[in-house]
Amino acid sequence: QVQVVETGGGLVQPGGSLRLSCAASGSIFSINAMGWYHQAPGKQRELVATITSGGSTNYADSVKGRFTISRDNAKNTVYLQMSSLKPEDTAAYYCNVKAKPRSWIRESDYWGQGTQVTVSS
């Protein structure tokens, strides 16, 4: 199985920065895209940013210019550098990994347990 663990959440003032990390481990044959999603209370989980194995990125309009996603393929790790944070960025942030545990097993989505980001003065 593939395990996904996020770290780096916390409380930050508006305008501040945080860096989230997400590491995938366990039985991994290959990883395709990795990404971050967030979910505020009472709302649906939404895409924040994704990055392919080749480094192509995609961002939600609300975070363009403020957040940067990157990955270290050797470490099966994806990062989310968040800057100029706003109160509306407050949410639980979840890491998503599209991986194949074995070459003969189809790709599946694996999720972390989430890390809370709170932007407040």
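## Nonpolar core

The largest nonpolar core holds 30 residues, and Trp 36, Leu 80, Met 82, Tyr 93 and Val 97 touch the most other members. Here a nonpolar core is a set of buried Ala, Val, Leu, Ile, Met, Phe, Trp, Tyr and Cys residues joined through side-chain atoms within 4.5 Å. Buried means under 20% relative accessible area, exposed means over 50%, and partly exposed lies in between (1.4 Å probe, protein chains only).

The top contributor is β9, with five residues.

## Model and numbering

This is a predicted model: local features need pLDDT of at least 70, side-chain atom pairs count only at pLDDT 80 or more, and totals for chains, interfaces and linings use all residues. Residues are numbered from 1 along each chain as its sequence is written, and side-chain values use heavy atoms, with hydrogens and water left out.

## Overall fold

The chain has zero helices and eleven strands. Helices (H or I, at least four residues) and strands (E, at least two) are DSSP runs, numbered from the N terminus. In sequence order the pattern reads β-β-β-β-β-β-β-β-β-β-β. The radius of gyration is 14 Å, close to the 14 Å that the globule rule gives for 121 residues, so the chain is as compact as a globular protein of that length. That radius is taken over C-alpha atoms, and the globule rule is 2.2 Å times the number of residues to the power 0.38.

The C-alpha trace spans about 50 × 25 × 20 Å along its principal axes. Of the 121 residues, 42% count as buried. Contact means heavy atoms within 4.5 Å. Among contacts with a separation of 6 or more, 55% come from residues 24 or more positions apart.

## Salt bridges

Side chains of opposite charge can pair when their charged atoms come close. The structure holds three salt bridges. The criterion is a side-chain nitrogen of Lys or Arg within 4 Å of a carboxyl oxygen of Asp or Glu.

Asp 89 and Arg 66 form one of them, at 2.8 Å from N to O. This pair links distant parts of the chain: Asp 89 is in the loop between β8 and β9, Arg 66 is in the loop between β6 (57–59) and β7, and they are 23 residues apart. Both Asp 89 and Arg 66 are buried. Lys 98 and Asp 109 also meet in a salt bridge, at 2.6 Å from N to O. Lys 98 lies in strand β9 and Asp 109 in strand β10 (residues 108–111), so the pair ties together parts eleven residues apart in sequence. Lys 98 is partly exposed, at 25% relative accessible area. Asp 109 is partly exposed too, at 41%. Lys 64 pairs with Asp 61, with the closest N and O atoms 3.1 Å apart. Asp 61 is exposed, at 64% relative accessibility.

## Rings and a charge

There is one aromatic pair. Rings of Phe, Tyr and Trp (its six-membered ring) pair if their centres lie within 6.5 Å; planes under 30 degrees apart count as stacked, over 60 as edge-to-face and the rest as tilted. The ring centres of Tyr 37 and Trp 111 are 5.1 Å apart and the planes meet at 65°, so this pair is edge-to-face. Tyr 37 sits in strand β4 and Trp 111 in strand β10, 74 residues apart. Tyr 37 is buried, at 17% relative accessibility. Trp 111 is partly exposed, at 37%.

The charged end of Arg 45 sits over the ring of Trp 111, 4.8 Å from its centre. The charged end of Arg 45 also sits over the ring of Tyr 94, at 3.7 Å from the centre. The test requires NZ of Lys or CZ of Arg within 6 Å of the ring centre and within 35 degrees of the ring normal.

Thr 50 is in strand β5. Thr 50 is buried, with a relative accessible area of 17%. Leaving out residues up to four places away in sequence, Thr 50 touches Met 34, Gly 35, Tyr 37, Ser 56, Thr 57, Asn 58 and Ile 69.

Pro 87 lies in the loop between β8 and β9. Pro 87 is partly exposed, at 48% relative accessible area. Beyond its neighbours within four places in sequence, Pro 87 contacts Pro 14 and Val 119.
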